[in-house]
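I opened my notebook beside the structure and wrote down what I looked up, entry by entry. Please follow along with the model in view.

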Amino acid sequence: MSVRHALLALLSEGPKYGLQLREEFEARTGEVWPLNVGQVYTTLQRLERDGLVESDDDGQDGPQKGFRITTAGATELAGWLRTPPDMSSPPRDELVMKVLVALRVPGTDVRDVIQVHRRYLVQLMQQWTRIKETEAESDISLALVVDAELFRLDAVVRWLDAADGRIKRAAAGPPQADQAHTDQAHTDQAQADKTGTTQAVPRLRRRVGARK
Amino acid sequence: MSTLEMRRVSRTYGRGAAEVHALCDIDLSVDAGTMVAVMGPSGSGKSTLLTIAGSLEDPSTGEVRVCGQELSTLSRNAKARLRRRSIGYVFQDFNLLPGLTAAENVTLPLELDGVPARKARAAGLEALDELGLTDRAASFPDQLSGGERQRVAIARAVVGDRQLLLADEPSGALDSVNGEGVMRLIHAACKRGVAAVVVTHDAQLASWADRVVFLRDGRVTDQTVPVPGPESLLTPGPGQ
């Protein structure tokens, strides 16, 4: 989250005071990202140093000091809005790591581990949906923030579902064209679940999670 | 008394080596005014659970009660009457009759149940009105958008005094905004006292439910705990 550019965006509407910027930032982001007032003034000082905002010449430092965006600031803001964030390298995702590690820990039912995380995520999604249901209808900023959270969590649940399916298939062995064999594989898996035994899963060939 | 109660319900297909356990020892209670979502991958038994809850299929073993009536004790006619009066179904592909208007589709279950045509039509129009479809009452399904068709299907499912709403992937191929609209309508029906069971593999849809039950290989493996209020996600941060 770029506080720097969010402040530039607010100042593009007209001159504002520091305290006012903090209040508007929180309101525009559905009050989901609280902002420290000290962070606002530190950021404004840096923006002023870089020539992206100007402050009142006669104003003292403090809540009554006004700020406005410069031409360079407006150019910087326009460029930032159109620059995609770097999403090219996979993040070192803690949940992915937990599932990968669970595959290697003897006696661990990976599908149970996956279910613990799935339930937690769905419960979080239920909370966000309650917010959407009760508060976000009349607040477009909050609705957008809640949607973003729901889609993000949903993507993780989908990944867990896919992982669950892959692990189940890998444990059942190579796919069989014959339905009778497939049914037998399911029965074997059910038996394995009952007895707590797990079969070996294919070895991962590539390292994931490394940033560039 | 729960609107839907399933006790140790199992369903087996085939025999011997070809035997498949679609459902195993399912216990599920859904009270009036609550929505339960059933999540699970394809083949986990979600749809079988719904057809048994809706008396469209009998369990191999176990007990199912709908509105206090034990289904195994009912005759075929009594079950059909229970379905017409107390249970509403919403399917992924809407299942509207193409030769009937929206109003006629909604009214049909009431008329089949012997409700006089005028009274049934009034109830049908009221249900359509509640879902914002008053001006689409005379339209045929092929004249409606996907979202409107599903709203008509929901109106048909809740028309009259239905107490149990069963939905199978109700947002189907709808986009996320229309899918959310469908869940809002089902949620609103629950607030009026309807008990709903929604089966889905979609976590965003499931998150509208009061409780989410997870199925795997025909068994309930887990369920969510009651959701804390929204304030837990919107607590003031250190800067406030």
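Predicted model: local features only at pLDDT ≥ 70, side-chain atom pairs only at ≥ 80, totals over all residues.

Residues are numbered from 1 along each chain as its sequence is written, and chains are lettered from A and ligands numbered from 1 in the order in which they are written.

**Entry: chain B overall.** I counted up the secondary structure of chain B and found seven helices and 10 strands. Its C-alpha trace spans about 65 × 50 × 35 Å along the principal axes. For buried I used 20 or more other C-beta atoms within 10 Å of a residue's own, for exposed 12 or fewer, and for partly exposed anything in between, with C-beta atoms placed from the backbone. By that count, 45% of the 240 residues of chain B are buried. Among contacts in chain B with a separation of 6 or more, 69% come from residues 24 or more positions apart.

**Entry: helix α6(B).** I looked at residues 176-191 of chain B, a helix of 16 residues that reaches 22 Å from its first C-alpha to its last. That is close to the 22 Å expected at 1.5 Å a residue, the expected span being 1.5 Å times one less than the number of residues. Which residues of α6(B) are buried? I listed Gly179(B), Glu180(B), Val182(B), Met183(B), Leu185(B), Ile186(B), Ala189(B) and Cys190(B). Their cover includes β3 (35-39), α5 (146-158), β7 (164-168), β8 (195-200) and α7 (203-206) of chain B. Just past the helix α6(B), Gly193(B) has a positive phi of about 115 degrees.

**Entry: the open sheet.** I traced four strands of chain B in the order β2-β1-β4-β5, with antiparallel pairing; strands pair if DSSP finds at least two bridges between them. β2 (20-30) and β5 (69-70) of chain B stand at the edges with a single partner strand each, so one side of each has no neighbour in the sheet. Two bridges join β4 (residues 61-66) of chain B to β5(B), and Val66(B) stands opposite Gln69(B).

**Entry: Thr42(A).** I found Thr42(A) in helix α3 (residues 37-49) of chain A. Is Thr42(A) buried or exposed? It counts as exposed, because it has 12 C-beta neighbours inside 10 Å.

Key
Contact = placed C-beta atoms within 7 Å.
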